[in-house]
Structures are given as structure tokens and as C-alpha cells.
Amino acid sequence: CEVKKEAVRACVTIANYGSCGQINNLVECGVLEALCEVLRRTTDDKIIAVSLEAIHGFLNSGAELVGQRQCTGNPYVEKVQNCGGSLSVEKFMTHWNPDIQRLTQE
């Protein structure tokens, strides 16, 4: 479980501080699908929070691509939607932990 937490934390770091190339490479390797799978399978609040933070970071990176006119729509939103990640995120909107609820709304 500690390895999973550290892997998800590494994803947050890359999503927030990585180059466009690094972020895109991870996305192409399936990181968003993996993060959404973590949300479906874990009950650990810390892993849930960090996974949501990572997904948020990747989505922000996709939004930056749109802002730079490199694409017309956020390419990472579609990846999250295609793997059922929207449903995974939505289920935490009513989570008992207000910090997790807040992360779903960002």
C-alpha cells in the first residue's frame, strides 16, 4: 500500500511540475486510466485524495494545451471519461471527508 501511495504521489509531482512531453508520455502510457482504477478499488482516504489531486493536475495540464492553442479540447478529459473516471470522481462528491469532497469540485 505504501508503494501505491508513493507511485500516486509521483504522478502528482509530474502532473504539476513535469514538462508537456513528460506529462503526455505518462498519459499515453495509461496513467489516467490507472489513477481512475485506483479510485475504483481503494478505500484509503489518503490514496483517494492524492489520486484526485493527480487527476486534477493532469486535467489542468490538458487545459493549458487548449490555452496555448495546441488543441481545441482538453485531450485528457476524454481519456478520463472513456475509462469511466468521471463516475469514479463523482462518487467522492458526497464522501464523508470534506477534503476529498473539495478535491472533486476543483
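1. Helices (H or I, at least four residues) and strands (E, at least two) are DSSP runs, numbered from the N terminus. The structure is a predicted model, in which local features need pLDDT of at least 70 and side-chain atom pairs count only at pLDDT 80 or more, while totals for chains, interfaces and linings use all residues. Residues are numbered from 1 along each chain as its sequence is written, and side-chain values use heavy atoms, with hydrogens and water left out.

2. On helix H3: this helix covers residues 31–41. Within H3, arginine 40 and glutamate 37 are three residues apart, and therefore about one helical turn separates them. Their side chains form a salt bridge, with the closest N and O atoms 3.0 Å apart; the term denotes a side-chain nitrogen of Lys or Arg within 4 Å of a carboxyl oxygen of Asp or Glu. Glutamate 37 also meets arginine 41 in a salt bridge, at 2.2 Å from N to O. Glutamate 37 and arginine 41 are four residues apart in H3, again about one helical turn. Through shared partners, these salt bridges join Glu37, Arg40 and Arg41 into one network.

3. Arginine 40 is partly exposed at 35%, and glutamate 37 is partly exposed at 26%. Arginine 41, at 65%, counts as exposed.

4. In general, side chains of opposite charge can pair when their charged atoms come close.

5. The axes of H4 (residues 45–67) and H5 (residues 75–82) come within 7 Å and cross at roughly 140°. Axes here are lines fitted to C-alpha atoms, for helices over the stretch in contact, and angles run from 0 to 180 degrees between N-to-C directions. H4 and H5 are therefore oblique to each other, given that angles under 35 degrees count as roughly parallel, over 145 as roughly antiparallel, 65 to 115 as roughly perpendicular and the rest as oblique.

6. On the residues in that contact (heavy atoms within 4.5 Å): H4 contributes Ile55, Phe58, Leu59, Ser61, Gly62 and Leu65, and H5 contributes Pro75, Tyr76, Val77 and Val80. By class, there are eight nonpolar, two polar and no charged residues.

7. On asparagine 74: this residue is placed in the loop between H4 and H5 and counts as buried at 19% relative accessibility. Leaving aside residues up to four places away in sequence, asparagine 74 touches Leu59, Gly62, Ala63 and Val66. The side chain of asparagine 74 reaches the backbone oxygen of leucine 59 at 2.8 Å. Asparagine 74 and alanine 63 are eleven residues apart in sequence, with their C-alpha atoms 5.4 Å apart.

8. On glycine 67: this residue lies in H4 and is exposed, at 61% relative accessibility. The C-alpha atoms of glycine 67 and glutamate 6 are separated by 31 Å, the two residues being 61 residues apart along the chain.

Notes. Ala, Val, Leu, Ile, Met, Phe, Trp, Tyr, Cys and Pro count as nonpolar, Asp, Glu, Lys and Arg as charged, and the others, Gly among them, as polar. Buried means under 20% relative accessible area, exposed over 50%, partly exposed in between (1.4 Å probe, protein chains only). A polar contact is a pair of N or O atoms within 3.5 Å; within protein, one must be able to donate a hydrogen and the other to accept it, and residues adjacent in sequence count only if both atoms are side-chain atoms.
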